[in-house]
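The structure is shown first.

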Amino acid sequence: MRANPGTHAENILGATFMMASVVAFVGNDTLMKTLSGEVPLFQAVLVRGALASLLIGGVAMARGEARLAALSVKDRRTAALRSLAEVGSTVCFLTALFAMPIANATAIMLAAPMLITLLGAVLLGERVGWRRWSAMIVGFLGVLLIVRPGGDAFNAASLWAVSAVVFVCVRDLSTRRLSPETPSLLISLMTAVVITAAAGVVVVVDGWTPMGGTEVTRLAIAAVFVFVGYVFSVKAMRVGDVGFTSPFRYTILIWALILGWAVFGDAPEPLTLVGAGLVAGAGVYTFLRAGKKLR
C-alpha cells in the first residue's frame with residue numbers, strides 16, 4: 001500500500017497504465033470470443049497462457065525479475081492468492097463471454113470496484129458515508145438492468161460474470177497488499193503460469209482438439225494482449241493514487257461496445273446501455289468520493 005499520495009506525474013502515469021491495460025484486455029476478450037465454438041475453453045486458455053508465460057518469462061529473465069526467491073514469505077502467499085483469484089476470474093469471465101455479448105459481460109465486471117468498497121465496509125469496518133452507499137446501490141441497480149433476472153436476457157452466463165466480479169475483487173485487493181519492491185513482471189509471470197497449469201489439468205482430462213493455423217494465430221495475438229494487460233494492470237494498481245487511476249478502467253466499456261458491434265454485430269439494448277451507464281457513473285463517483293475526507 002502507498003504511504004503517501006501520488007504526485008501529479010505519478011497519477012497521470014497510473015491512469016495511462018490503466019487505459020493501456022483495458023485496451024489490451026478487451027482486445028484479448030474479443031479474440032477469445034471469436035474462438036467460441038471453434039476451440040474448447042480450457043484448451044484456448046492453455047495455449048494462450050503458455051504463449052503468454054513464455055513471453056512474460058523471457059522479458060522477466062532479461063530484466064532479472066524472475067527470481068521467486070527474492071519475494072518475502074508474505075508476498076509469496078499474497079501473490080499465490082492473487083494468482084488463484086485470477087484463475088477464478090478468467091474461467092468465470094470467459095465462460096460468460098462465450099455465451100453473452102462482450103459489452104454486457106464487460107459492464108457487469110465493472111461492478112468490481114463497488115464490491116471492493118462494500119467488502120471493506122462490511123468485513124474491515126472501513127467508513128463509508130451515505131453518498132458512497134447511494135452510489136453503490138445505483139451501481140448494483142445498473143447491474144440488475146444488464147442481467148435482468150427473470151427476463152429473457154437472463155441466463156447462466158450472467159451468473160458466471162457476477163462470479164468473476166468476486167474473484168476480481170480478491171485479485172485487486174491482493175495486488176494492493178504486495179510490497180512496493182515486488183517486480184510487476186514476476187507477479188504477472190506467476191499469474192500466467194498458474195492459469196496455464198490449471199487449464200492444462202482440465203485439458204489432460206478432457207482431451208485435445210486439433211487446431212488450425214488461424215486459431216493458433218488468434219491465440220498468439222491474444223497472448224500478446226494478455227502480456228500487455230497483465231503488466232500494465234499491476235503497474236496501474238501500484239503507481240499514483242488508486243482513487244485517481246481506477247476510474248480510468250471504465251474506458252473499457254467504450255471499447256467493448258465498439259468491438260462488440262464491429263466484430264460480432266451486437267447492438268446493445270436500451271436497458272443494457274442505461275445499466276452500463278449507471279454502473280460506470282456510480283463506480284467513478286465511488287472512487288472520487290473515496291479520496292475525500294468527508295464522506
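In which hand does H3 pass H8?

## Basis of the model

This is a predicted model, in which local features need pLDDT of at least 70, side-chain atom pairs count only at pLDDT 80 or more, and totals for chains, interfaces and linings use all residues. Residues are numbered from 1 along each chain as its sequence is written, and side-chain values use heavy atoms, leaving out hydrogens and water.

## Packing of H3 and H8

The crossing of H3 past H8 is right-handed (the near helix is turned clockwise from the far one by less than a right angle). Helices here are DSSP runs of H or I with at least four residues, numbered from the N terminus. The axes of H3 and H8 lie 9 Å apart at an angle of about 50°, with axes fitted to C-alpha atoms over the stretch in contact and angles running from 0 to 180 degrees between N-to-C directions. The two helices H3 and H8 are therefore oblique to each other; angles under 35 degrees count as roughly parallel, over 145 as roughly antiparallel, 65 to 115 as roughly perpendicular and the rest as oblique.

Contact (heavy atoms within 4.5 Å) involves, among others, Leu 84, Val 87 and Thr 90 in H3 and Val 194, Ile 195 and Ala 198 in H8. By class, this contact of H3 with H8 has nine nonpolar, three polar and two charged residues. Ala, Val, Leu, Ile, Met, Phe, Trp, Tyr, Cys and Pro count as nonpolar, Asp, Glu, Lys and Arg as charged, and the others, Gly among them, as polar.

## Packing of H1 and H11

H1 packs against helix H11 (residues 252–264) at about 30°, the axes being 10 Å apart. H1 and H11 are therefore roughly parallel, and their crossing is right-handed. The contact of H1 with H11 comprises nine nonpolar, two polar and one charged residue.

## Cavities

There are two cavities of 30 Å³ or more. A cavity is a set of points on a 1 Å grid over the protein atoms alone where a 1.4 Å probe fits but cannot get out, and lining residues have an atom within 4 Å of a point. Volume is the space filled by probe spheres set on the points, which are joined across faces, edges and corners.

The largest cavity holds about 570 Å³. Among its 28 lining residues, Phe 25, Met 109, Val 168, Arg 171 and Ile 252 are closest to the centre. Its lining has 14 nonpolar, seven polar and seven charged residues.

The second largest cavity has a volume of about 30 Å³. Its lining includes Val 87, Thr 90, Ile 195 and Ala 198, residues that also take part in the contact of H3 with H8.

Key: On a 1 Å grid over the protein atoms alone, a cavity is a set of points where a 1.4 Å probe fits but cannot get out, and a pocket is an open set with protein on both sides within 12 Å along at least five of seven lines; lining residues have an atom within 4 Å of a point.
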